[in-house]
Amino acid sequence: MVMTTHEEKMRTVRFRVGATPHIVVNSEICRNECSVHACVYVCPANLFVPLDDGGILFNYEQCFECGTCYIACNQEGAIRWSYPDGGYGVTFRES
Amino acid sequence: MTTHPANQQFDVIVVGAGPAGSAAALLVARAGLKVLLLERGEYPGAKNVSGAVFYGSAILNELIPNWWEQAPVERPVCRRDIAFMSPTTAVALDFRCAGAGFATAPYNGFTVLRPKFDRWLAAQAEAAGAFVLTSAVVDDVLRENGRIVGVRVRREQGEIYGKVVIACDGVNSFLAKKAGLQREFHPHELSLGVKEVLGLDPAIIQDRFHLTDNDGIAYEYLGAITEDVHGGAFLYTNRDSLSLGVIGQVSSLVERRKRPYELLERFKAHPAVAPLVRGGKLREYSAHLIPESGWAMKPKLYTDGMLVAGDAAGFCLAAGLYLEGMNYAMQSGLAAAETAILACQKGNFSARTLSVYQKNLKQRHVSTDFRAYRHAPSFVNGPRLQNLYPEMVAQGMEQIFRVDGAPKRKILPLAYRMVRQSSIKPGQLLRDVYQVARAYLW
Ligand SMILES: Cc1cc2nc3c(=O)[nH]c(=O)nc-3n(C[C@H](O)[C@H](O)[C@H](O)COP(=O)(O)OP(=O)(O)OC[C@H]3O[C@@H](n4cnc5c(N)ncnc54)[C@H](O)[C@@H]3O)c2cc1C
Ligand code: SF4
Ligand code: SF4
């Protein structure tokens, strides 16, 4: 079908999940210093989940490695960003 | 330079097997030099996303004559549409060309799927003699006496030495930053593209888009299509699928609190788009950043022992009518390769020798094009030109065509009333007209 939910979209993408997270979010900074929570909106994989206490729950496993969260985050040091190990992470087949 | 084990020592190391890196490695290998092409993906193209229309056919034809006969291309683009959208209407400019190099060799542009195309291009570099190493992430540059002498790959004994390093590692280029050539970016300088590939029967594609045989079409959409987010959308035909996506400036996505994949759904539901995508079956969803500010985000292009090319150097023309990055990536990759070859011949890898890169970029029309269009990005990617004016065109047409018994208005009073009703001031409008002219006309 043409119209799809975000979950349906993500199911079409292949990920080879590495053992160590390539992106780490310091939820302390999110909770104490950030009012924008930009990452929650911009991440095309919808990986940033806002918590009731103002913090962020993040899981690196279905990440496109696009870098948008790193660019959009307005709090220095909240996101430690790098690429996954060689051969791991997202593997596009059609794009 | 200190000597290192032969298997760790190359003339040229190219980082990133996108169009910039593979073209560079191909040319260096053909010059008989020892070149290593490093790619972090499982295969070249595994991490890469474009629309994608590849407009570099003529360039590639110089390297590999009749390349399209052996490459995984989808369709030659013989129709181009630019559509101005309001939430419910659309006005389109339709360009068709069946001959003159559009539907005939050497072709103007082909739709491609990057995981297939990039893999093929890297294989051409390999066939020419380049060493291609995939699943290899480069984490840093190596320095000796202040100059760059190689790269560090993330694994045991990952130090690899090269006389020249060419960074073709794309928009997030860690290498250009590690080498001190690039600064951090602002959210207004980058756009996020989200994309879908929808499977569709070739016979339906042919009928629905009025295409002869395997000819293809490229649609670009401006106006209310991204709501109040600065951006646009595209839809391209492949052999048995459609590639479509929405592009939004990162800062504006943040300000408007818009989720990119929701904009994508709304795009597909627009009354002018829905009939085009009907019956399509989702094959893959993807996302990638685009460097949108061209000239303004150009890094220092070279230093002792290193050159930067492609998206890593900001050589992506993303300005309204144009979304061209693969061709410029290839052109700048070739210019970097020519520079590296010359340096190897001279046996000198200083910044001074490598400064020939600037001349080579000019000769290949890269820096000249980006200079010429330097005014376009900041303005075109702004709210009025990308969203407001196109939407007004679409709404204006609706009023011109609507027959509802009310008195017919002539176009000028109609336009006058629309400008009055909008937030635009007449002086602003005049300035914008001048800016468009300066960006595109002269
Ligand atoms: C949604 C979208 C639509 C687009 N549409 C078009 C279009 O229709 N036509 C067009 O011409 N352009 C288009 N572009 C722009 C185009 O995709 C880019 O300009 C082009 O891909 C740049 O090529 P490149 O070789 O410089 O970089 P890339 O293609 O990004 O290649 C960089 C390579 O380096 C590798 N790499 C990165 N870091 C490392 C590292 N540390 N170690 C090892 N390897 C690394 C990556 O895996 C990748 O293979 C579009 C872009 C997007 C996002
Ligand atoms: S934008 Fe940055 S600081 Fe704010 S919630 Fe997201 S990751 Fe945390
Ligand atoms: S890199 Fe892209 S996909 Fe991954 S978490 Fe950040 S925004 Fe989301």
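Analyst: Happy to! Let us settle the residue classes before looking at any shell: Ala, Val, Leu, Ile, Met, Phe, Trp, Tyr, Cys and Pro are counted as nonpolar, Asp, Glu, Lys and Arg as charged, and the others, Gly among them, as polar. The model is predicted, with local features needing pLDDT of at least 70 and side-chain atom pairs counting only at pLDDT 80 or more, while totals for chains, interfaces and linings use all residues. Residues are numbered from 1 along each chain as its sequence is written, chains are lettered from A and ligands numbered from 1 in the order in which they are written, and side-chain values use heavy atoms, with hydrogens and water left out.

Start with ligand 2. The residues around ligand 2 (a heavy atom within 4 Å of the molecule) include four cysteines, Cys30(A), Cys34(A), Cys39(A) and Cys73(A). His37(A), Asn74(A) and Gln75(A) also belong to this shell, and Ala38(A), Ile56(A), Ala78(A) and Ile79(A) complete it. By class, that gives 8 nonpolar and 3 polar residues, with no charged ones.

Chain A has 4 helices and 6 strands, where helices (H or I, at least four residues) and strands (E, at least two) are DSSP runs numbered from the N terminus. From the N terminus, the order is α-β-β-α-α-β-β-α-β-β. The C-alpha trace of chain A spans about 40 × 35 × 20 Å along its principal axes.

Chain A brings 43 residues to the contact and chain B brings 56, contact meaning heavy atoms within 4.5 Å. About 4200 Å² is buried between the two chains, 55% of it from carbon and sulfur atoms; buried area is the accessible area (1.4 Å probe) that two parts lose on being put together, summed over both. On the chain A side, Tyr41(A), Glu94(A) and Ser95(A) lose the most area, together 19% of what that side buries.

Charged pairs also join the chains. Between chain A and chain B there are 8 salt bridges, each a side-chain nitrogen of Lys or Arg within 4 Å of a carboxyl oxygen of Asp or Glu. One pairs Arg40(B) with Glu65(A) at 2.7 Å, N to O. Another joins Arg154(B) to Asp85(A), with an N to O distance of 2.7 Å. In that pair, Arg154(B) sits in the loop between strands S9 (147-153) and S10 (159-167) of chain B, and Asp85(A) in the loop between strands S5 (79-81) and S6 (89-91) of chain A. Over all chains, the structure holds 29 salt bridges.

Chain B has some backbone details to look at too. The peptide bond from Gly51(B) to Ala52(B) is cis, with omega near 15°, and Ala52(B) lies in the loop between strands S2 (35-38) and S3 (53-54). A cis bond also links Ala105(B) to Pro106(B), with omega near 5°; Pro106(B) is in the loop between strands S5 (90-96) and S6 (110-112) of chain B. Finally, Glu227(B), a residue other than glycine, has a positive phi near 55°, and its place is the loop between strands S12 (216-223) and S13 (231-237) of chain B.
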